[in-house]
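Trainee: I am new to this entry and would like a short walk through it. Could we look at the sequence and the model together?

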Amino acid sequence: MPDTVSFGYEDVAPEEKTQRVRAVFSNVASRYDLMNDAMSGGLHRIWKDLFVRRVKPRAGEHILDMAGGTGDIAFRMAPSGAAITVADINPEMLAVGVERAAKRGLDGMVWTEANAETLQFPDRFFDAYTIAFGIRNVTDIPKALREAHRVLKRGGRFYCLEFSTTQWPGFAEVYDAYSHHLVPRLGKLLANDAESYRYLIESIRRFPDMPTFERMIGEAGFTQTKVEPLLGGLVAIHSGWKI
């Protein structure tokens, strides 16, 4: 673990990043959908639908949805009949998810506060591990990936949906202008919180590119790693298998 890690464009002590990320998501928990709409122009809903189709949850499976506090991914997987555990480091995000689940009449999920770097689950417990738009906010990403590998059964699968760096000529510049200038203003307008939105955009820029992150997944022990770029890599679905 290095002496400093990135918090947006700042370099801070690891423990400070953990505390500040927790504060960001405490601030935006009640407006999480608005946050994602602002950052993706509403496309996050389509990306999440595609992501769950790639995961292929099945009845009888045990699936851990990490950093899934508000339930966006879990609700999409619920019709499969899989047993879903939703874990998040932030209790405010979990509270939003529990409330949303109750409104949908979904009472079979497990909701638990957990740090992706130090999971409390036993070895080889889950059939699948999912994390959507959460891995870049983890303080020690390699450690979280190793924990994902540990809690998966042999034959288990890892799926991660995360912002990345688009490779389409011209589009990167357009999105940079939109995200750096407009998204914080939308955050101020919609949630009276420009700074949290500014961090979330900056965290995307500091996240490893697709080949680097795919290599990190492999270094955590996963095999048959794969990356599926969306919008030229603005977002990517990463996957790997534990064998």
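Mentor: Let us begin with a term: a residue is called buried when its relative accessible area is under 20%. Please also keep in mind that this is a predicted model.

Trainee: Is strand 6 mostly covered or mostly open?

Mentor: Strand 6, residues 126-132, is mostly covered, and seven of its seven residues are buried.

Trainee: Which way does strand 3 run relative to strand 6, and how many bridges join them?

Mentor: Strand 3, residues 62-66, runs parallel to strand 6, with four bridges between the two. One of the pairings links I63 to A128 in strand 6.

Trainee: And what about strand 6 and strand 7?

Mentor: Strand 7 spans residues 152-163 and also pairs with strand 6 in the parallel sense, over six bridges. There, F126 has L152 as its bridge partner.

Trainee: How does the chain get from strand 6 to strand 7?

Mentor: The chain passes through helix 6, residues 141-151, and this β-α-β crossover is right-handed.

Trainee: Changing topic, where does E61 lie?

Mentor: E61 is in the loop between helix 3 (44-55) and strand 3.

Trainee: Why does E61 count as buried?

Mentor: E61 counts as buried because its relative accessibility is 9%, and the cut-off is under 20%.

Methods: Residues numbered from 1 in each chain as written. Predicted model: local features only at pLDDT ≥ 70, side-chain atom pairs only at ≥ 80, totals over all residues. Heavy atoms only, no water. Buried < 20%, exposed > 50% of the residue type's maximum accessible area, 1.4 Å probe, protein only. Pairing = 2+ DSSP bridges. Right-handed = clockwise from strand over helix to strand, strands pointing away.
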